[in-house]
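User: I've got a structure open and would like to talk it through. Can you take my questions one at a time?

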Amino acid sequence: LGGAQDAASMVSAGTARADQFRWFLRYAGWDPRQLSSEVRAGVWFPAAAGVDLIAAASTANHGLDFWHDVMQRMGGDHA
């Protein structure tokens, strides 16, 4: 694994395509216990995601249905 710098280097070198990556580059910070409190309040929906979901997100509809697909896989009230 690597970070955005490694991915950008791979794209520049031609060993990978930009559409093979999901680019989420921002900073989010929480106070101690803030995130767990927000998860309990239903602000965030943590979910495990495998390579199949991430890979499919970059090919299907150019990733536009990514979050919908994640919520569908979570099931229950999220679907």
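This is a predicted model: local features need pLDDT of at least 70, side-chain atom pairs count only at pLDDT 80 or more; totals for chains, interfaces and linings use all residues.

User: Let's start with the overall fold. What pattern does the chain follow along the sequence?

Analyst: The secondary structure comes to 4 helices and 0 strands. Reading along the sequence, you get the pattern α-α-α-α.

User: How much of the chain is made up of buried residues?

Analyst: The chain has 79 residues, and it exposes about 6500 Å², with carbon and sulfur atoms supplying 56% of that. Buried here means under 20% relative accessible area. By that cut-off, the buried share of the residues is 13%.

User: Among contacts with a separation of 6 or more, what share comes from residues 24 or more positions apart?

Analyst: This one looks at contacts by how far apart the partners sit in sequence. Taking the contacts with a separation of 6 or more, residues 24 or more positions apart account for 33%.

User: Which residues form the nonpolar patch on the surface, and what accessible area do they have together?

Analyst: The members are Trp-30, Leu-35, Val-39, Val-43 and Trp-44. One of them, Trp-44, lies in the loop between helix H2 (34-40) and helix H3 (51-59). Trp-44 counts as partly exposed because its relative accessibility is 41%. Together the five residues named have an accessible area of about 420 Å².

User: Which side chain makes a polar contact with the side chain of Glu-38?

Analyst: Glu-38 is found in helix H2. Leaving out residues up to four places away in sequence, Glu-38 touches Trp-30, Val-43 and Trp-44. The polar contact, at 2.7 Å, is with the side chain of Trp-44.

User: Glu-38 has no salt bridge, so how far away is the nearest side chain of opposite charge?

Analyst: Glu-38 is buried, yet it has no salt bridge. A salt bridge needs a side-chain nitrogen of Lys or Arg within 4 Å of a carboxyl oxygen. The nearest side chain of opposite charge is Arg-40, and the distance is 10 Å.

User: Where is the salt bridge that the search of the whole structure finds?

Analyst: The search turns up 1 salt bridge. Asp-19 counts as partly exposed because its relative accessibility is 42%. The closest N and O atoms are 3.0 Å apart, and the pair is Arg-17 with Asp-19.

User: What is the phi of Arg-33?

Analyst: Arg-33 sits in the loop between helix H1 (4-13) and H2, and it counts as exposed because its relative accessibility is 68%. Most residues other than glycine have a negative phi. For Arg-33 the value is positive, near 70°.

How values were computed: Residues are numbered from 1 along each chain as its sequence is written. Side-chain values use heavy atoms; hydrogens and water are left out. Patches are made of residues with over 30% relative accessible area and no salt bridge: like charges are joined within 9 Å, nonpolar side chains (Val, Leu, Ile, Met, Phe, Trp, Tyr) within 5 Å. Accessible areas come from the Shrake-Rupley method with a 1.4 Å probe; for residues, only the protein chains shown count as cover. Helices (H or I, at least four residues) and strands (E, at least two) are DSSP runs, numbered from the N terminus. Buried means under 20% relative accessible area, exposed over 50%, partly exposed in between (1.4 Å probe, protein chains only). Lys and Arg count as positive and Asp and Glu as negative; His and the chain ends are not counted. A polar contact is a pair of N or O atoms within 3.5 Å; within protein, one must be able to donate a hydrogen and the other to accept it, and residues adjacent in sequence count only if both atoms are side-chain atoms. Contact means heavy atoms within 4.5 Å.
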